[in-house]
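Please consult the sequence and the coordinates while reading.

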Amino acid sequence: LTILGLESSCDDTAAAIVRQASGAPAQILSSVVLGQTALHSPFGGVVPEIAARAHAEKLDICVRQALTEAQMTLSDIDAIAVTAGPGLIGGVLSGVMCAKGIAAGTGKPLIGVNHLAGHALTPRLTDQTAYPYLMLLVSGGHCQFLIVRGPEDFTRLGGTIDDAPGEAFDKTARLLGLPQPGGPAVQAEALNGNPKRFAFPRPLLDRPGCDMSFSGLKTALLRTRDQVIAEKGGLTPQDRADMCAGFQAAVADVLAEKTRRALALYLFEHPATPTIAVAGGVAANTAIRAMLESVCAENSVTFTAPPLALCTDNAAMIAYAGLERFRAGGQDDMTLAARPRWPLDKTSPALLGSGK
Ligand code: ATP
Ligand code: FE
């Protein structure tokens, strides 16, 4: 099977071609990602209207480039997979319209894919991870623990009740005058910082379960920053580094402890397949990754993290999730709708489904 995937749910326009012969590992034949960072940076965040227009302009360029890199034409493709949500509705609509156009023009099947399923199935694309496994999805917009049992079979164990960690890293960087995206900038500062100098809270650790909260951390950072400025009239590079180190350690501690709890729940049901996989841009953080690796080592659990380019938004994961869905008999028609919210776990309240 050869699948063309499209992704346009946030600020990356992407197209990719993934092929899998039955019984063989999947291959990424091409994966094109056109980011929009420069378009949004003057506004300090993603502007949905600008994103939607840019997707509409760039999607066909992406598709053409993906076909060229894979040395293929549309006639070599078996089906078109597209992110149908959750995400910024204008962007998702651009992708769905483009995919419908290609499907109508070529007569090939159309497959709507949940963006979060794309992230959650990535370890199967990169490492042939077998079902079931425990997934920690930590990105700019999401944070949740999922038991992944099949291409459309997910159980959400918990997640953030407010901000996602990536969002908290980005806001922290903004508060300290560091560049965007904030994650890498805060991580670099933290290398020279003392994580113990400022005491940051570890929200919700005193409560049972796997839910998390990161918005209070950002408020604590703001208060600490203003206090230091009030006392000394400004921030020294060391102050900034210490705040970044303290903030990052707090996020890592919360994620580590909640991962321990999610793992206990997971192992209770699936003791024979002890695997944790991570996905999302925050999984690139070396301190957080080290923490997760040590939690896995403590429990003799296999740890899998896709390469960074496949942790962040891309279309190869959408093509692959579409491939699995198609192989299982899933398909859509021209009534496929773009959905701003689309919980993965059908039993979870829609309000918490996206992890926001
Ligand atoms: P989503 O995938 O949920 O729709 P997104 O596209 O913003 O949202 P990703 O592309 O997966 O998310 O990841 C981007 C986020 O990851 C940003 O918030 C960025 O700050 C964060 N990030 C990237 N590298 C690091 C790092 N080294 N440490 C911490 N955070 C990081
Ligand atoms: Fe994403």
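Q: How do the residues of the shell around ligand 1 divide by class?
A: This is a predicted model, in which local features need pLDDT of at least 70, side-chain atom pairs count only at pLDDT 80 or more, and totals for chains, interfaces and linings use all residues. Residues are numbered from 1 along each chain as its sequence is written, and chains are lettered from A and ligands numbered from 1 in the order in which they are written. Ala, Val, Leu, Ile, Met, Phe, Trp, Tyr, Cys and Pro count as nonpolar, Asp, Glu, Lys and Arg as charged, and the others, Gly among them, as polar. On that basis the shell around ligand 1 has six nonpolar, two charged and twelve polar residues.

Q: Which residues are the closest to ligand 1?
A: A residue is near a molecule if its C-beta atom, placed from the backbone, lies within 6 Å of it. In total, 20 residues surround ligand 1. The closest of them are G140, G141, G166, G183 and G281.

Q: Which helix supplies the largest share of the shell around ligand 1?
A: Helices (H or I, at least four residues) and strands (E, at least two) are DSSP runs, numbered from the N terminus. Both α5 (165-175) and α6 (182-190) supply at least two residues of this shell. The largest share, four residues, comes from α6.

Q: Which element of the chain has the lowest mean pLDDT?
A: The confidence of the predictor in each residue is given by pLDDT, from 0 to 100. The mean over the chain is 93, and 97% of the residues reach 70 or more. Strand β1 (residues 2-7) has the highest mean among the elements, 98, whereas the lowest, 41, belongs to helix α12 (residues 350-353).

Q: What ipTM does the predictor give the complex?
A: Two values are given for the complex by the predictor. The pTM is 0.91, and the ipTM is 0.97.

Q: Are α6 and α8 roughly parallel or roughly perpendicular to each other?
A: Axes are lines fitted to C-alpha atoms, for helices over the stretch in contact, and angles run from 0 to 180 degrees between N-to-C directions. The axes of α6 and helix α8 (residues 237-269) lie 7 Å apart, at an angle of about 110 degrees. Angles under 35 degrees count as roughly parallel, over 145 as roughly antiparallel, 65 to 115 as roughly perpendicular and the rest as oblique. The two helices α6 and α8 are therefore roughly perpendicular.

Q: Are α2 and α3 roughly parallel or roughly perpendicular to each other?
A: The axes of helix α2 (residues 48-69) and helix α3 (residues 89-106) come within 8 Å. They cross at roughly 20 degrees. Helices α2 and α3 are therefore roughly parallel.

Q: Where is P86, which a cis peptide bond joins to G85?
A: The cis bond between G85 and P86 has an omega of about -15 degrees. As for its place in the chain, P86 lies in the loop between β4 (79-85) and α3.
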